[in-house]
Amino acid sequence: MSALGVYLPGDSPLHRAPAGAKLLGLTLAEAGAVLLPGPWSVGAALAVVAGLYAFARVPFRVAWAQTRPILLIALLVGGFQMFGAGVDRALVVAGQLVLSVSLAGLVTLTTRSADLLDVIERGCRPLRFVGVDGARVALVLALAIRAVPVVAALTQEVREAQRARGVTGGLTAFAVPLLVRTLRYADNLGEALAARGVDD
Amino acid sequence: MRPDQSDNHADSPQTPSGRRLPARDLALIAVFAGLIAALGLAPPVYLFGGSVPITLQTLGVMLAGSVLGARRGFLACLVFLALVAIGLPLLSGGRGGLGVFAGPSAGYLVGWPLGAFVTGWIVERSRRYSIPVGLLANVVGGVLVVYALGIPVQSWRISTSTFVGTLIAAAVYLPGDLTKAVVSTLVTRGVRRALPTPAGPGRTGSDRT
């Protein structure tokens, strides 16, 4: 996983498929995953997903990192179901969890964030009539991506300032100055945007 | 919504009608989405001598509603979720991507924008921000509304009864979330005192020229 995102660069057909098509396929597959009747069909679907990971040439290490958290949860849930509802049900519930999360993870691994941003912007076009402006949505998303490291740096600043003054106060003593700095940054950003004619 | 008071930020007479958001609101929404993300990057805070780890991400959700108000708080959370959905690892613990929306806690995530909206809505109803109002807003919006979406989805995904799901939520999340509701209230009050004019949104006469 890179610092920029979960995307795994590659050149497989899955990587090259258009993002919108992948999202559509994912939605249909997720709906289908819920309808799988028994442990055998869930197992077969899991094998297909594993095959797709191999087809996209996702290294085992990356695939493992992607699925490990849900595997842990699935184990817990499966163990819990085993007592209440029997082995078959436990396998289906746990398997469906792993199936749907790993399938969604595969789309994320093989699709650039920028391409998904484009899908969001295009998806907003039909919403024009209720006052949603796709260009402004894209602008806000870009600004938000930029704001993450900025606000992270502000948290660092506040921590250091507190350490320098010997303040060891709780969460409130940390969060108030952080919020004040964050709002100031937002205000400057807003003025800069207005100055560039965003409101015109 | 009362258009005269509910969205009384500086330069936007047209906003409450649902038309275009002015630049300042776009900035506030984007920066608060960044704040929610940054709070997730911070290592967890430990309460009660390290026995209860608290990630600050949902504090960011409550603050978005409390500080920005219903509409902008809702949108800030939505923008944050969009960043997660396009694959940025911004959820606490470095999770991200579409997988989290297919997992058992998806309902909680979807509940965030609505929770922030309700929090902001309650805050906007009251003339001044007092501790009881803040607590009510944060607990109803930031906890009850989020759980109302989170618990059914979780129960469905792990195939338990809603009752068992509620017990899980109450045991695992509730102590931390109630603590965050208190912190959010105190922080919001502190921010409103510290910033009487410039960026204190949701205040009457927060005009900045």
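A polar contact is a pair of N or O atoms within 3.5 Å; within protein, one must be able to donate a hydrogen and the other to accept it, and residues adjacent in sequence count only if both atoms are side-chain atoms.

I noted that this is a predicted model, in which local features need pLDDT of at least 70, side-chain atom pairs count only at pLDDT 80 or more, and totals for chains, interfaces and linings use all residues. Residues are numbered from 1 along each chain as its sequence is written, chains are lettered from A and ligands numbered from 1 in the order in which they are written, and side-chain values use heavy atoms, with hydrogens and water left out.

**Entry on Gln81(A)**

I looked up Gln81(A) and found it in helix α4 of chain A, residues 60-85; helices are DSSP runs of H or I of at least four residues, numbered from the N terminus. Its side chain reaches the backbone oxygen of Ile158(B) at 2.7 Å and that of Ser159(B) at 2.6 Å. Gln81(A) counts as buried because its relative accessibility is 5%, where buried means under 20% relative accessible area, exposed over 50%, and partly exposed in between (1.4 Å probe, protein chains only). I then listed its contacts (heavy atoms within 4.5 Å). Leaving aside neighbours within four places in sequence, they include Arg89(A), Val93(A) and Thr160(B).

**Entry on the interface**

I recorded 60 residues of chain B in contact with 63 residues of chain A. The area buried between the two chains is about 4800 Å², with 76% given by carbon and sulfur atoms; buried area is the accessible area (1.4 Å probe) that two parts lose on being put together, summed over both. Between chain B and chain A, 9 residue pairs are in polar contact, both residues at pLDDT 80 or more. The rule finds 1 salt bridge across this interface, that is, a side-chain nitrogen of Lys or Arg within 4 Å of a carboxyl oxygen of Asp or Glu. Arg24(B) and Asp187(A) meet in a salt bridge at 3.0 Å, N to O.

**Entry on α1 of chain B**

I found that α1(B) gives the most to the side of chain B that touches chain A, with 16 residues. Helix α1 of chain B covers residues 23-41, and 18 of its 19 residues are buried.

**Entry on Arg57(A)**

I located Arg57(A) in the loop between α3 (39-55) and α4 of chain A. Its phi is near 55°, a positive value in a residue other than glycine. Most residues other than glycine have a negative phi. Arg57(A) is exposed because its relative accessible area is 62%.

Note on methods: Helix = DSSP H or I, 4+ residues; strand = E, 2+ residues; numbered from the N terminus. Expected span 1.5 Å × (residues − 1).
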